[in-house]
Amino acid sequence: MFDDMKASYSVKLSRIIERTGLRNLTENINTEKILIRETDINRPALQLAGFFDNFDNHRVQIIGNVEYSYISKVYEDQGAEMIEKIFQQGIPCLVYCRNLQPSQQIIDLGEKYNIPVLSSPQETSAFTVKLIYVLTEELAPRISIHGVLVDVYGEGVLIIGESGIGKSEAALELIKRGHRLVSDDVVEIKRVGDNRLIGSAPEITRYFIELRGIGIIDVKTLFGVESVKESQRINLVVKLEEWDREKEYDRLGLEEKYTEFLGEKLVCHSIPIRPGRNLAIIVESAAVNYRQKKMGYNAAHELYRRVTGNLQRKREED
């Protein structure tokens, strides 16, 4: 299912160039219009020998030291003829690692076929790892939800609930207490790798908070750059809801409750809202308690152990 979702996304080559520090040797080509849709890459080996069966022309093609040495020794024209055959397959781009310099003839062929020829100073293996990571993140399955994402003691806390219930106000109080805002109102969630959900803000609303009765405030300007963060892994969900006298709320927390985004389960706490409750402190406590549990300590289980131990001792005394 997620492979199908991933296939519907694309990223501009210009974005990949920016994130990986590539240099464009074919400056006349507009990389804004070239889209990458594959997270896998390819180092042409058999293709340099003329074998193109099962060749995936949608992948970024990478030339390392081995490929460069091969075409330099085998082809008198420094591989221009064979590189042209690769260009004819309609690849998105060709990357030379280790600052290896393609011939001017290959650069001209890139411009002829509108295929960027790029250069990286990194070693081939290091660049490949970085590129796959960037592509995996940029092409990850994603959704947008209504909520607020804050970094509390290093834990990504996603605050959700009905409109007007106080999510933004809680986030503002957390910011004043030294925590960091990731996104207000709309949170874009990406599923990166097997089990990581990364949240970020849409570029147009990044670092802004909407407060009813006041309007829009710029958190970065008011509280400084240390009060905001561009993205954060989501670890915990806090759901704010109106207090319901008829509903029984969990008072011990012996059993975790979960909510699901993009097929990944996240611990979810439902917090009933009543006048006088300090939401920021509650969210802070939830984050710290979550961290304790990750470190192997569960306060609810400890209390249960003490109570059952006390009852056992009383039975033995009787």
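Is tyrosine 96 buried or exposed? In this predicted model, tyrosine 96 is buried, with a relative accessible area of 1%. The close-ups below start with that residue.

View 1. Tyrosine 68 comes from helix 3 (residues 65-74) and tyrosine 96 from strand 6 (residues 94-96), so the pair ties together parts of the chain that are 28 residues apart in sequence.

**View 2. Phenylalanine 87 and tyrosine 113 make a tilted pair.** Here the ring centres are 6.4 Å apart and the planes stand at 45 degrees, so the pair is tilted. Phenylalanine 87 belongs to helix 4 (residues 80-87), while tyrosine 113 is in the loop between helix 5 (104-112) and strand 7 (117-119). That puts the partners 26 residues apart, so to speak a link between distant parts of the chain. As for cover, phenylalanine 87 is buried at 2% relative accessibility, whereas tyrosine 113 is partly exposed, with a relative accessible area of 26%.

**View 3. Helix 4 is mostly covered.** Of the eight residues in helix 4, six are buried. They are Ala80, Met82, Ile83, Glu84, Ile86 and Phe87. What do these buried residues pack against? Their neighbours are strand 6, helix 5 and strand 7. Two of those names have come up already: strand 6 holds tyrosine 96 from View 1, and the loop between helix 5 and strand 7 holds tyrosine 113 from View 2.

**View 4. Helix 7 packs against helix 9.** Helix 7 covers residues 167-176 and helix 9 covers residues 279-294. Their axes run 8 Å apart, at an angle of about 70 degrees. Angles of 65 to 115 degrees count as roughly perpendicular, and these two helices are therefore described that way. On the helix 7 side, the contact is made by Ala170, Glu173 and Leu174; helix 9 brings Leu279, Ala280, Val283 and Glu284. Sorted by type, the contact residues come out as five nonpolar, two charged and no polar.

**View 5. Arginine 142 sits over the ring of tyrosine 9.** It is the charged end of arginine 142 that lies over the ring, 4.4 Å from the ring centre.

Terms used. Residues numbered from 1 in each chain as written. Predicted model: local features only at pLDDT ≥ 70, side-chain atom pairs only at ≥ 80, totals over all residues. Heavy atoms only, no water. Axes fitted to C-alpha atoms, helices over the stretch in contact; angles between N-to-C directions. Helix = DSSP H or I, 4+ residues; strand = E, 2+ residues; numbered from the N terminus. Parallel < 35°, antiparallel > 145°, perpendicular 65-115°, else oblique. Contact = heavy atoms within 4.5 Å. Nonpolar A, V, L, I, M, F, W, Y, C, P; charged D, E, K, R; others polar. Buried < 20%, exposed > 50% of the residue type's maximum accessible area, 1.4 Å probe, protein only. Phe/Tyr/Trp six-rings, centres within 6.5 Å; stacked < 30°, edge-to-face > 60°. Lys NZ or Arg CZ within 6 Å of the ring centre and 35° of its normal.
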